Structures are given as structure tokens and as C-alpha cells.
Amino acid sequence: MQAIKYCITTLSPLPFASNTGDPNMVATLDYIPGTCLRGMFANEYIKKRKLGENAHKDETFYRRFLK
């Protein structure tokens, strides 16, 4: 597996919740999960290609984001 290191600067705080074990407490992550980045890229791909609800039928979209 290959890793690509990069730095992302946000314009405002991004609170990503994580489980702490205590049902009354919520902790936040100090990183942006890869699944959130993949969702952001998939959303941009859908918008630019105007795929709408049929994105899963697009072979390239399926290969890059769903497979």
C-alpha cells in the first residue's frame, strides 16, 4: 500500500466525533478521517459530471469510489 502525505487547512473547526466508552461523553478526533475525504471527492465528482442519483451506474465513479 502506498501513502500520500498532504496538509489540509480548514477555514473553520471540523468536529468529527469518536466513541469514548462513556455514553454521556463525546470526544473529537484530531484528524480528518479518510472516509470523509473520499465522500467529499465523490460529491465533487458527482456535481461536476452531473450524475445525480445515477452516480453508481457510472463505471468510473463506481471504480474510484465504490469498489
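User: Before we get going, what makes something a helix or a strand here?

Analyst: Helices are DSSP runs of H or I with at least four residues, and strands are runs of E with at least two, numbered from the N terminus. With that in hand, the protein reads β-β-α-α along the sequence. Bear in mind that this is a predicted model.

User: How many helices and strands does the protein have?

Analyst: Two helices and two strands make up its secondary structure.

User: Why is Thr-28 called exposed?

Analyst: Exposed means over 50% relative accessible area. Thr-28 comes in at 54%, so it counts as exposed.

User: And what does Thr-28 touch, leaving out residues up to four places away in sequence?

Analyst: Thr-28 touches Pro-15, Phe-16, Ala-17 and Ser-18. As for Leu-14, it is 14 residues from Thr-28 along the chain, and their C-alpha atoms are separated by 9.1 Å.

User: What makes Phe-65 buried?

Analyst: Buried means under 20% relative accessible area. Phe-65 has 16%, so buried it is. You'll find Phe-65 in helix H2.

User: Which residues does Phe-65 contact, leaving aside neighbours within four places?

Analyst: Those are Arg-38, Phe-41, Ala-42 and Tyr-45. For Ala-17, the C-alpha separation from Phe-65 is 23 Å, at 48 residues apart in sequence.

User: What makes a set of residues a nonpolar core, and which residues form the largest one?

Analyst: The members have to be buried residues of the nonpolar set, joined through side-chain atoms within 4.5 Å. The largest such core has six: Ala-42, Tyr-45, Leu-51, Ala-55, Phe-61 and Phe-65. Helix H1 (34–49) and helix H2 (59–66) are the elements that give two or more residues to this core. As background, nonpolar side chains tend to be buried together in soluble globular proteins.

User: What does Ala-55 touch beyond residues up to four places away in sequence?

Analyst: Ala-55 touches Ile-46 and Phe-61.

User: Where is Lys-50, and what stands out about its phi?

Analyst: Lys-50 is in the loop between H1 and H2. Its phi is near 50°, a positive value in a residue other than glycine.

User: Why is Lys-50 called exposed?

Analyst: Its relative accessible area is 74% and exposed means over 50%, so Lys-50 passes the cut-off.

User: What share of the residues is buried, and what share of the contacts joins residues 24 or more positions apart?

Analyst: Of the 67 residues, 13% count as buried. Among contacts with a separation of 6 or more, 12% come from residues 24 or more positions apart.

User: What about the surface and the charges?

Analyst: The accessible surface comes to about 6400 Å², and 54% of that belongs to carbon and sulfur atoms. There are 10 positive and 6 negative side chains, with the centres of the two sets 10 Å apart.

Terms used
Residues are numbered from 1 along each chain as its sequence is written. This is a predicted model: local features need pLDDT of at least 70, side-chain atom pairs count only at pLDDT 80 or more; totals for chains, interfaces and linings use all residues. Side-chain values use heavy atoms; hydrogens and water are left out. Buried means under 20% relative accessible area, exposed over 50%, partly exposed in between (1.4 Å probe, protein chains only). Contact means heavy atoms within 4.5 Å. Accessible areas come from the Shrake-Rupley method with a 1.4 Å probe; for residues, only the protein chains shown count as cover. Lys and Arg count as positive and Asp and Glu as negative; His and the chain ends are not counted. The place of a charge is taken as NZ of Lys, CZ of Arg, CG of Asp or CD of Glu.
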